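Good morning, and thank you for the time. I would ask everyone to look at the sequence and the model together while I speak.

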Amino acid sequence: MDRAYAGGRQLPDFGNPGAETVSRNITPEPEDGIGKWSDNDIKRTIRTCVRPDGTPLSRTMACDWYAKIAPDDLDAIVAYLSSLKPLKTE
């Protein structure tokens, strides 16, 4: 758990059966993670499943559910992610 949220795990890509995707670093680490993203960048990415640079997230992310998330819940997620220890991806 000391590497939780630092990315690098192989996961099934639910949008592409039989394929895999690699989890991304969602810690506030500025180079490997989302440390340079604004709160609005994070919220937009969670709601739309599109990163600030325009690349889509893997469909392993529950995009349809997060598109309808309550604003207070979204704020809580952003606050939690901001509280994580910044970690480099290995």
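D41 counts as buried, at 18% relative accessibility; the term buried means under 20% relative accessible area, exposed means over 50%, and partly exposed lies in between, with a 1.4 Å probe and protein chains only. This is a predicted model, in which local features need pLDDT of at least 70 and side-chain atom pairs count only at pLDDT 80 or more, while totals for chains, interfaces and linings use all residues. Residues are numbered from 1 along each chain as its sequence is written, and side-chain values use heavy atoms, with hydrogens and water left out.

D41 forms a salt bridge with R44, and the closest N and O atoms are 3.3 Å apart. By salt bridge I mean a side-chain nitrogen of Lys or Arg within 4 Å of a carboxyl oxygen of Asp or Glu. Both D41 and R44 lie in helix α1, three residues apart, which is about one turn of the helix. Helices (H or I, at least four residues) and strands (E, at least two) are DSSP runs here, numbered from the N terminus.

K43 counts as buried, at 18% relative accessibility, and D75 as partly exposed, at 36%.

Which residues of α1 are buried? They are D41, I42, K43, T45 and I46. What covers these buried residues includes α2 (63-66) and α3, where contact means heavy atoms within 4.5 Å.

Just after α1 comes C49, with a positive phi of about 60 degrees. C49 is a residue other than glycine, and its place is the loop between α1 and α2. At 5% relative accessibility, C49 counts as buried.

Y5 also calls for attention. Y5 has a positive phi of about 75 degrees although it is not a glycine, and Y5 is found in the segment before β1. Y5 is partly exposed, with a relative accessible area of 35%.

I turn now to the aromatic rings. How many aromatic pairs does the structure hold? There are two aromatic pairs; rings of Phe, Tyr and Trp (its six-membered ring) pair if their centres lie within 6.5 Å, and planes under 30 degrees apart count as stacked, over 60 as edge-to-face and the rest as tilted. The ring centres of Y5 and Y80 are 5.9 Å apart and their planes stand at 75 degrees, so the pair is edge-to-face. This pair links distant parts of the chain, with Y5 in the segment before β1 and Y80 in helix α3, 75 residues apart. Y80 is partly exposed, with a relative accessible area of 41%. W65 and Y66 also form an edge-to-face pair, at 4.9 Å centre to centre and 85 degrees between the planes. W65 counts as exposed at 55% relative accessibility, whereas Y66 counts as partly exposed at 23%.

Returning to charged pairs, the count comes to seven salt bridges. One of these brings together the side chains of R3 and E90, at 3.5 Å from N to O. R3 is in the segment before β1 (10-12) and E90 in the segment after α3, 87 residues apart, and the pair thus links distant parts of the chain. R3 is partly exposed at 29% relative accessibility, while E90 is exposed, with a relative accessible area of 79%.

The last topic is the largest pocket. About 910 Å³ of space lies in the largest pocket. Of the 28 residues that line the largest pocket, S23, R24, N25, I26 and M61 are the closest to its centre. The elements that give two or more residues to this lining are β2 (20-22), α1 (39-48) and α3 (71-83). A pocket is, on a 1 Å grid over the protein atoms alone, an open set of points where a 1.4 Å probe fits, with protein on both sides within 12 Å along at least five of seven lines; lining residues have an atom within 4 Å of a point. The volume is the space filled by probe spheres set on the points, which are joined across faces, edges and corners.
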